[in-house]
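Please examine the structure shown below before reading on. The paragraphs that follow lead from annotated spans to the contact between chains, and then to a single residue.

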Amino acid sequence: MKLRGRWMLLLGLVPFAVMVLAFQFVPVLAMVTSSFSKAGGSGLTLQHYDKIFHSPFYLQAIKNSLLISAWSSLAGIAAGLVCAYSISRFAPKIRDRLLLLSNMTSNFAGVPLAFAYIILLGSNGVFTLLFKQWGWSVFGGFNLYSWSGLVLVYVYFQVPLALLLLYPSFYGIRDQWREAASLLGATRWQFWRTVGLPLLTPSIFGTLGILFANAMGAYATAYALVGGNYNLLAIRIGSLVAGDIVNQPELGSALAVLLALSTLLAVCLNHFMAKRSLRFTANAASAPKPDGKRRRQRYSPDGQAAALPKEALR
Amino acid sequence: METRQAGWTHRVLMLLLMVYLLLPLLATFLYAFATEWQTTVLPQGWTLEWVGSMFEDIRFVEALWTSLYLCLISVALSLVVMLPAVFVITVYLPRWETLMKGLVVLPYAVPGVVAAVGLIRTYSSQPFDLAGTAYLLIGAYFVVILPYMYQGIRNSLLTVSAVELLNAAELLGARRVRAFVTIILPNIWPGVMVSTLLSFSVLFGEFVLTNMLVGGHIQTIQVYLYRRVGESGHLASAIAITYFLFILAISMVLMKLGKKMSGEVRG
């Protein structure tokens, strides 16, 4: 009886182990080994990494990806912070509706998003033609299929994500603290500088990590918008491995390993920061306060699942 | 704080945010029903031609079906594999939970392009030549939705206190498998449904893996949309909006389910 029970347990785990091994472990391993092996043959080599770090072309792709991810994440954080604060000032009913709308637009990513921006701001876009007709030359130099256009579209999918990830932490800052600070003579600015922002810092950096990884890995949006014309790391990998012209899978693997390292690092930052911010709020929660129930709900794993960025879409 | 009226600054700010977020959607929507839309703020005329021609296009209908059945199979497979695995780990082997969590969160740190590179390297040569087949894609999809499925199933198990339920069932003489099927499954079903739908909507919007792994062989709705963007803007808008409305419907169901569940737990 007991033995049979053990077998049943094991039987429940086998399919999971097989699937994860076959479609997650082996591929990652194959990619890493491939990045160290000679083109079309066997034997260890560092030639692909060497080539990447001596090729202006690939270095530029890495630089472009890092820059666009950094800028779009920073812009997303800035907008997200302001909006998250603003959203926390609304009554719960309106707040939930606003959050629902933001969540909804976070589904609008990848190919459809790029397409919507082409309609609005592409070379024959509605706004492009309107502005031309009205003679607004300020936007004359704007080109959607370039750096500025890409940043614009990236920021669009970063803002709702930043907002959804940041707004819970604003509820960690209690009104009582604000009142206490103002009773002690602190100005609003002083309160935010010495109490508010330090409390928010872990979740700001954590969110920054997620946004950065999100932008580094984004492929669909850029691919649909500029195709192979703009030099980004993700796009280069795609064309090296599954391109139409020449396949150089080993070189593509090496680039993919670099990309994975950068996103893993960013996600680790998030993980580390989430731990810190939990410590903060856990201390705060241990104080006997009537809003303890709300806090528990917010940090429930359910909320985390909902906040997982739908990275696959981008 | 909860009852306070939001000030004007906040209202204006939120209005701006909503305009910013909804404008691209609105533009796509209008474009899908517009006859001609150039040099005016709103389209010059309205038509249902684009939506009509979309449904007349056999390739669109085919792509829609392909997407639907690929997503359904992947989600079903994930359910069949993940339900027993998460159950066993959470209830009987909690020491292994950290390991499983690490495994399951990994796909979420690895971007689609990277995953695609690994899969192509592994499955484009003998003995496992799966290049361009639906099997490869389903396997890839399985990994994509791992984090969502794991979180959903595990949370549901914890919410219904699966361990206590099982102890009670075993005390009353039920065997493990029987207890799992007749006691645990019906109890966690609503929560599992939520993560299933979420996974489905994520897969429905998947482009990177689909395009890189099977792009030339199998056309899902996303790949089809990508191909059409260059041809007719209006038609592509119609497709994009149909896709978005579909996703929206799923999210609405999700929210309703979520609300219902949290209501039950509280009550």
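UniProt positions are given here in the numbering used for this structure, and such annotations may be inferred rather than shown by experiment. The model itself is predicted.

For chain B, the unreviewed UniProt entry assigns the annotation "transmembrane region" to residues 12-34, 67-93, 105-124, 130-150, 179-204 and 235-257. Among these, residues 67-93 of chain B are 96% helix and 0% strand, with end C-alpha atoms 36 Å apart. Residues 105-124 of chain B are 85% helix and 0% strand, and 26 Å separates their end C-alpha atoms.

For chain A, an unreviewed UniProt entry gives the feature "transmembrane region" at residues 66-87, 108-131, 151-170, 191-213 and 251-269. Within chain A, residues 191-213 are 100% helix and 0% strand, their end C-alpha atoms lying 32 Å apart. Residues 251-269 of chain A are likewise 100% helix and 0% strand, and their end C-alpha atoms lie 28 Å apart.

How many residues of chain A are in contact with chain B? The contact involves 77 residues of chain A and 75 residues of chain B. On the chain A side, helix 1 (residues 2-35) gives the most, with 18 residues. By class, this side of chain A has 56 nonpolar, 16 polar and five charged residues.

Finally, consider B:Leu146, which lies in helix 7 (residues 146-159) of chain B. B:Leu146 and B:Ser78 are 68 residues apart in sequence, yet 7.8 Å apart in space, C-alpha to C-alpha.

Technical notes
Residues are numbered from 1 along each chain as its sequence is written. Chains are lettered from A and ligands numbered from 1 in the order in which they are written. This is a predicted model: local features need pLDDT of at least 70, side-chain atom pairs count only at pLDDT 80 or more; totals for chains, interfaces and linings use all residues. Helices (H or I, at least four residues) and strands (E, at least two) are DSSP runs, numbered from the N terminus. Two residues are in contact if their C-beta atoms, placed from the backbone, lie within 7 Å. Ala, Val, Leu, Ile, Met, Phe, Trp, Tyr, Cys and Pro count as nonpolar, Asp, Glu, Lys and Arg as charged, and the others, Gly among them, as polar.
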